[in-house]
Amino acid sequence: LRDQAEARKSQPALTKDGTRIAVMVNVAGLADVAALPPEACDGIGLTRTEFLVEQSLRDETAQFGAYAGLLRWAAGRPVTIRTLDAGGDKPIAGYTLAGEANPFLGLRGIRLSLRHPEIFRVQLRALARAAAIGPLKIMLPMVTTAHELEQTRALLDAVLVDLAAEGMPHAMPALGIMVEVPAAAMAVARFDAAFYSIGSNDLTQYATAAARDGLEVASYADVLHPGVLAMIAHVARHGAKTGREVSLCGDAGGEPRAIAALLRAGIRTVSVSPGLLALAKDAIRGVDLSAPDEAA
Ligand code: PEP
Ligand code: MG
């Protein structure tokens, strides 16, 4: 079965009723897609930069090279690059805070980037420069307040002014947010982002009060909990109403048992790990959105 799914991997994913679902991939670097022809996906929906730039937090040239490599691989398809989501389950020695009692509820993601503007600026400059090569989208992790998005926009604007003054090739990337904090999901209309990507791993853990890495509570951290699905549907409705893309880049997007519920909640774009691309597309092909919802 897996082999047949592999063979169909390069075909677009259409549900039984003919709804086209965009399927992108999650990467931590170019090595993750070395064996994948870019035609097999609709671009990169999430680049986790925590490992990619761990050794080059202050090295703009190295970061630019890493982002440029992804854009060249994607050959014109969108490449979504997430700014550092350090902290929580992704510590970076010397950058993240040590000794937090609750790292998942602590200084992580955009909170940490905004505390270190000198490091954040390096990443934003490298991203704006790479945007000259292809359609690069910047995605902010763990956004909780609209102010965080606006602060980042101001930093990005300043970076663009500097690059222009230096005569350095650059372009304005689309600026979007991850929706993975329940309060942000419920208040999504307050966030003037170019796109939204639901981080179902964190959204589920925060909404169900069950740690994503907690074996004893794994059954609670269920993306199919009606409360989690209601938040996902709320975000998808906002996207449909405003014409802004809503994708889902958590692991649930590649879980065949979750696909139908996510599509019924209004998700039309998922981003999955490259190893799950074939299975995710096949799961999508098994969904009939015109049929009554048996689960409901
Ligand atoms: C998520 O939270 O669902 C997500 C995609 O981001 P990460 O797993 O890197 O926290
Ligand atoms: Mg997350």
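Contacts between residues 24 or more positions apart make up 68% of the contacts in the chain that have a separation of 6 or more. The model is a predicted one, and its chain contains 11 helices and 9 strands. The C-alpha trace spans about 55 × 40 × 35 Å along its principal axes, and 43% of the 296 residues count as buried.

**Helix 8**

- Helix 8 is mostly covered, with 7 of its 9 residues buried; these buried residues are Ser200, Asp202, Leu203, Thr204, Gln205, Tyr206 and Ala207.
- Just after helix 8, Ala209 adopts a positive phi of about 55°.

- In soluble globular proteins, nonpolar side chains tend to be buried together.
- The largest nonpolar core in this chain has 79 residues, and those with the most contacts inside it are Tyr67, Leu127, Val143, Ile177, Val179, Val235 and Leu262; helix 5 (residues 117-130) gives the most to this core, with 7 residues.
- Val143, leaving aside its neighbours within four places in sequence, is in contact with Ile110, Glu148, Leu149, Ile177, Met178, Val181, Ala184 and Phe191.

- Strand 5 (residues 136-140) is largely enclosed by the rest of the structure, because 5 of its 5 residues are buried.
- In a regular strand the side chains alternate between the two faces of the sheet.
- Both faces of strand 5 are covered, with Leu136, Ile138 and Leu140 buried on one side and Lys137 and Met139 buried on the other.
- Strand 4 (residues 79-82) pairs with strand 5 in the parallel sense over 4 bridges, and within this pairing Thr80 stands opposite Lys137.
- Strand 5 also runs parallel to strand 6, to which it is joined by 4 bridges, and Met139 has Gly176 of strand 6 as its bridge partner.

**Strand 8 and its partners**

- From strand 8, Glu245 and Ser247 point one way while Val246 and Leu248 point the other way, and all of these residues are buried.
- Strand 7 and strand 8 run parallel and are joined by 4 bridges, with Tyr196 having Val246 of strand 8 as its bridge partner.
- Strand 8 is likewise parallel to strand 9 (residues 269-272), to which 2 bridges join it, and here Leu248 stands opposite Val270 in strand 9.

Methods
Residues numbered from 1 in each chain as written. Chains lettered and ligands numbered in written order. Predicted model: local features only at pLDDT ≥ 70, side-chain atom pairs only at ≥ 80, totals over all residues. Buried ≥ 20, exposed ≤ 12 C-beta atoms within 10 Å, placed from the backbone. Contact = placed C-beta atoms within 7 Å. Core = buried A, V, L, I, M, F, W, Y, C linked by C-beta atoms within 7 Å. Pairing = 2+ DSSP bridges.
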